[in-house]
Every structure is written in C-alpha cells, then in structure tokens.
Amino acid sequence: KMRGMQMKKIKVLIADDHHMVRQGIKQILELENDIEVVSQASNGEEAVEQAREYKPDVILMDINMPGMNGLQAIEELKKDNDMYRVVVLTIHQDREYLFKTIQLGAEGYVLKDAESAVLIEAIRTVASGNTYVQPNMTNELVKEFNRMSTRSKEKEEESVLTSREIEVIGLIAEGLINKEIAKKLYISEKTVKNHVSNIFKKLNVSDRTQAAIYAFKHNIKA
C-alpha cells in the first residue's frame, strides 16, 4: 500500500445552500483517505469563484440554490475550461434536470438520498475521467429522452454505426448487460462483445455509461 503522503488526493468542492448538508457530506468524504474537501460554497456565484480559486478535481453541485443556481454555475464553469468535473447532487424532485445537466456537460448525477458509497464511487469515477449516473437513474434518462425525442435524428452521427451496432447501443442505454443483449438479438455473447468494443472505438467512449449517454443524446433507441 502506498503511504498516505504520496497518494494524490481528489480535491472536492461542495456547493449546496444548506450548511448541514455540506457538513454532512464533508464528514462522509473525509473518512476516505483519497478524498479531501478543499472548499464549500452556498450558491452558484460562490461555487464559480471558489472553483477558479481552488481548482478542485470534482465539484459537487446542488441545483436549487439562491441567486445563481447549479445549472447556471455549471454553464459558467464549462465556459471557463473543461478541467472542471461536476457531479450534480440533487433531490428527488429535480429529476427532470438530469437531461439538462448532462447536456450542459456535467459528468455525474447522484440523488441526495443515495447511499454514501454511491456518492464516493461517483467522485472517484468522475475524477478518473469517466461519467457516472446513479444506476437507477439511467431509466429516467431513457424516459426523459423519449419525452423530448425530436424529429431531427442526427443521421450523420449515426451513420458511423452499423444498424446492428445501433441496436446494441440502444440496449446498452436500457441498461442491459452483454448476456441479455445476446439473448435479445439471438447472437453470441462474444459477438456482442465485439460490437460493444467497436461502438466504444467509433464513438471514442470508454465505458457503458458514456455509450448510453451518447445514445440518449442522439436519440438512439433499441
């Protein structure tokens, strides 16, 4: 095991307008030896200022805050540069924002009533350059996309994928694992694996969540 000193800690900024929520999250996170809370903000403006000052690796962003809200803060920060990685931390009722936050470029999405292990996993996943949507939320994403489904399907994007790959990515977006996809499409699991790795290569994504998000963004359905 590496000694404590050498390990680079993940620097986290917590933005939430409730002091007790921030304190609670800070206490949970500080129990992890690879995470350090470097700053706390109580609204969007503060979040933006502190992110610029402290350069955190991950920003936990509440959506409903007075003044500048979380969505505006994400938009502002994403204009700055792409260094900031944002995990949206939100209450149950804010689910309709899920789609919006992903469009704005947030890397993670976790509900406030999630287990602390989920939040910690989200922070580590996002810090390492991947996207994280709380597992039971991916269905919500699909629903939201179906609601918003637009007439203009981005054909040229999809044309990079074969029709079979489009079927596969649609099923990934529904949360199916390779074994289930194989069964559904009457092909072998090995063939599914090949399709999945081709999809990852073509779309330049590194995990299933990113592939699913691509499918949602381009309105690809199984």
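Reply: The lining of the largest cavity is made up of Thr-101, Ile-102, Ala-106, Glu-107, Gly-108, Tyr-109, Thr-131, Val-133 and Ile-213. Two elements each give two or more residues to this lining: α4 (97-104) and β5 (108-111). Helices (H or I, at least four residues) and strands (E, at least two) are DSSP runs, numbered from the N terminus.

This is a predicted model, in which local features need pLDDT of at least 70 and side-chain atom pairs count only at pLDDT 80 or more, while totals for chains, interfaces and linings use all residues. Residues are numbered from 1 along each chain as its sequence is written, and side-chain values use heavy atoms, with hydrogens and water left out.

Rolling a probe the size of a water molecule over the atoms shows where empty space is left. Here a cavity is a set of points, on a 1 Å grid over the protein atoms alone, where a 1.4 Å probe fits but cannot get out; a lining residue has an atom within 4 Å of a point. Points are joined across faces, edges and corners, and the volume is the space filled by probe spheres set on them. The structure has one cavity of 30 Å³ or more, and the volume of the largest cavity is about 30 Å³.

By type, the lining has five nonpolar residues, three polar and one charged. Nonpolar covers Ala, Val, Leu, Ile, Met, Phe, Trp, Tyr, Cys and Pro; charged covers Asp, Glu, Lys and Arg; the others, Gly among them, are polar.

As for the whole chain, it has eleven helices and six strands.

Terms used
On a 1 Å grid over the protein atoms alone, a cavity is a set of points where a 1.4 Å probe fits but cannot get out, and a pocket is an open set with protein on both sides within 12 Å along at least five of seven lines; lining residues have an atom within 4 Å of a point.
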